[in-house]
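Trainee: I have a structure to look at, and I would like to understand the words used for it. Could you take me through them?

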Amino acid sequence: MLGIHSPETSSEAEAQNVRDNVKETGLKFPILIDNGKATWNSWGNSMWPAVYLIDKKGRIRYWWFGELNWKEAGGQKLLEQRIGELLEEPSE
């Protein structure tokens, strides 16, 4: 898992603010701070957050745009199922 942080506000662009938030929320995966939004633009993102699941061959297989559980959307449960499916696929 890799997080890529593309700030929306000037305070979100401050690396120490990002580090403090990561520590506060208990995130345990690497997070790239992309203040120039190079990754954001390369992937054609249009909203926060965007979640992409990439398979063992490096292909984007699933994605979710926006909050996972906004208005009880069920995105977190769905992506957890999709992750399980991808992990069960054979490696080459």
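Mentor: Gladly! Contact means heavy atoms within 4.5 Å. Keep in mind that this is a predicted model. Leaving aside neighbours within four places in sequence, Y62 is in contact with V51, Y52, L53, R82, E85 and L86.

Trainee: Which residues make up the largest nonpolar core?

Mentor: Five residues in all: L53, Y62, W64, L79 and L86. Strand β4 and helix α3 (75–88) each supply at least two residues of this core. Members of a core have to be buried, that is, under 20% relative accessible area.

Trainee: Why is I60 called partly exposed?

Mentor: I60, found in strand β4, has a relative accessible area of 41%.

Trainee: What makes the nonpolar surface patch?

Mentor: W43, M47, I54, I60, W63 and F65 make this patch of about 580 Å². Strand β4 (residues 60–65) gives the most, with three residues. Patch residues need over 30% relative accessible area; F65 has 39%, so F65 passes that cut-off.

Trainee: Why is the pair of Y52 and F65 called edge-to-face?

Mentor: Two values decide this. Their centres are 5.9 Å apart, and a pair needs centres within 6.5 Å, so the rings count as a pair.

Trainee: Which residues do ring pairs link into a cluster?

Mentor: W43, Y52 and F65.

How values were computed:
Residues numbered from 1 in each chain as written. Predicted model: local features only at pLDDT ≥ 70, side-chain atom pairs only at ≥ 80, totals over all residues. Heavy atoms only, no water. Patch = residues over 30% accessible without salt bridge, like charges linked within 9 Å, V, L, I, M, F, W, Y side chains within 5 Å. Areas by Shrake-Rupley, 256 points an atom, 1.4 Å probe, with all protein chains shown as cover. Salt bridge = Lys/Arg side-chain N within 4 Å of Asp/Glu carboxyl O. Helix = DSSP H or I, 4+ residues; strand = E, 2+ residues; numbered from the N terminus. Buried < 20%, exposed > 50% of the residue type's maximum accessible area, 1.4 Å probe, protein only. Core = buried A, V, L, I, M, F, W, Y, C linked by side-chain atoms within 4.5 Å. Phe/Tyr/Trp six-rings, centres within 6.5 Å; stacked < 30°, edge-to-face > 60°.
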